[in-house]
Amino acid sequence: MCFSDVEGPIRNHTSFEMYIDPEMWETIKPRLKSTDLSSQHKYTMTASTWTNEFVNYFRQNCTEAMKGCKLYFKQHKVNEPFNPDKAQYYVYTTPNCRREGCKMQYHFGLTYKPKINEGARFIVR
Ligand SMILES: [Zn+2]
């Protein structure tokens, strides 16, 4: 393989924080999806909106080397109600990069449930 294009985390991956401000978090934060309480995934972020915003915030917060990544989000998991003793993350998602020569899988995890008017600080690794 040829890595003449040096952008991308294939050489320079580091973990970083992705901070989503309170206003945006209020827009995309997990909400009750259905009244079916037997459903395991009854809380979910707003479809389509959150994936677009995660791409935006990723690019604003990542290192120069990672800006070339093209993230593709499929699923996410919400642990609601959140019990830190049982679950490591309140929200967790693992997008793949679709860029040729990278194909990196990222892990986005939020280790707490933000309060009202509090932003969401994801760990990206
Ligand atoms: Zn990539």
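What covers the buried residues of α3? The cover includes β1 (16–20), α2 (22–28) and β4 (71–72). This is a predicted model: local features need pLDDT of at least 70, side-chain atom pairs count only at pLDDT 80 or more, and totals for chains, interfaces and linings use all residues. Residues are numbered from 1 along each chain as its sequence is written. Helices (H or I, at least four residues) and strands (E, at least two) are DSSP runs, numbered from the N terminus.

Start with helix α3, residues 49–61. Its 13 residues should span 18 Å at 1.5 Å a residue, and its end C-alpha atoms are 18 Å apart, which agrees. The expected span is 1.5 Å times one less than the number of residues. The buried residues of α3 are W50, F54, Y57 and F58. They cover an arc of only 105 degrees around the axis, which puts them on the same side of α3. The arc is that of the directions from the helix axis to the C-beta atoms. An α-helix has 3.6 residues a turn, so residues three or four places apart point the same way. The face turned away from the buried side carries the exposed residues T49, N52, N56 and Q60. Buried means that 20 or more other C-beta atoms lie within 10 Å of a residue's own; exposed means 12 or fewer, and partly exposed is in between, with C-beta atoms placed from the backbone.

Now the sheet. Five strands form an open sheet in the order β1-β9-β8-β6-β5, with antiparallel pairing. β1 and β5 (76–78) stand at the edges, each with a single partner strand, so one side of each is left without a neighbour in the sheet. Two strands pair if DSSP finds at least two bridges between them. β1 and β9 pair in the antiparallel sense over five bridges. Within β9, I123 stands opposite E17.

V124 also lies in β9 (residues 120–124). V124 counts as partly exposed because it has 19 C-beta neighbours inside 10 Å. V124 and F16 are 108 residues apart in sequence, yet 5.4 Å apart in space, C-alpha to C-alpha.

Where do helix and sheet meet in a core? The largest nonpolar core has 22 residues, of which F58, C69, L71, V91 and L110 touch the most other members. Elements giving two or more residues to this core are α3, β8 (108–110) and β9. α3 gives the most, with four residues. Such a core is a set of buried Ala, Val, Leu, Ile, Met, Phe, Trp, Tyr and Cys residues joined through C-beta atoms within 7 Å.

Methods. Contact = placed C-beta atoms within 7 Å.
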